[in-house]
Amino acid sequence: MVKLKVGRNIFNIDENDLILDNGACYILVTQKVTKNYSSYSPTVSKKLFTDLKKCELIFTSEGLRQAAIEKYGNSVITFWKFNIDQMQKMGY
């Protein structure tokens, strides 16, 4: 488990957490933020997403793409998983 700061919040990330990429924004769908009696999934900034992708701290596969298509019915949407071992090596 590693800690990742997304916006103003720090989340405990494990190998089961997913980022949803819909082509316009990136959402950490497996985590929730509660504010004023409502909860929502936090949005990952484009810079953080590209940095994670460039350092190979997140990855996708055909299975993740198919899972996203089945869940949302859209071929543009993709799930990304975290590479926890690599994140721990880099000090997250």
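Is Tyr-37 buried or exposed? Tyr-37 is exposed, with a relative accessible area of 89%; exposed means over 50% relative accessible area, buried under 20% and partly exposed in between, for a 1.4 Å probe and protein chains only.

## Basis of the model

The model is predicted: local features need pLDDT of at least 70 and side-chain atom pairs count only at pLDDT 80 or more, whereas totals for chains, interfaces and linings use all residues. Residues are numbered from 1 along each chain as its sequence is written, and side-chain values use heavy atoms, with hydrogens and water left out.

## The loop between strands 5 and 6

Tyr-37 lies in the loop between strand 5 and strand 6. Helices (H or I, at least four residues) and strands (E, at least two) are DSSP runs, numbered from the N terminus. Asn-36 is found in the loop between strand 5 (33-35) and strand 6 (38-40), and counts as exposed at 67% relative accessibility.

Most residues other than glycine have a negative phi. Phi of Asn-36, however, is positive, near 50°, and phi of Tyr-37 is positive as well, near 65°.

## Helix 1

Helix 1 spans residues 46-54, and its buried residues are Leu-48, Phe-49 and Leu-52. Seen down the helix axis, these buried residues fall within an arc of 100°, so they line one face of helix 1. The arc is that of the directions from the helix axis to the C-beta atoms.

The face turned away from the buried side carries the exposed residues Lys-46, Lys-47 and Lys-54. Glu-56, which follows helix 1, has a positive phi, near 60°.

## Aromatic pairs

A search of the whole structure finds three aromatic pairs. Rings of Phe, Tyr and Trp (its six-membered ring) pair if their centres lie within 6.5 Å; planes under 30 degrees apart count as stacked, over 60 as edge-to-face and the rest as tilted. The rings of Tyr-26 and Phe-49 have centres 3.8 Å apart and planes at 10°, so this pair is stacked. The pair links distant parts of the chain, with Tyr-26 in strand 4 (residues 26-28) and Phe-49 in helix 1, 23 residues apart. Tyr-26 is buried at a relative accessible area of 13%, and Phe-49 is buried at 2%.

Phe-49 also pairs with Trp-80: the ring centres are 5.4 Å apart and the planes at 90°, so the pair is edge-to-face. Here too distant parts of the chain are linked, Phe-49 in helix 1 and Trp-80 in strand 9 (residues 78-82), 31 residues apart. Trp-80 is buried, as is Phe-49.
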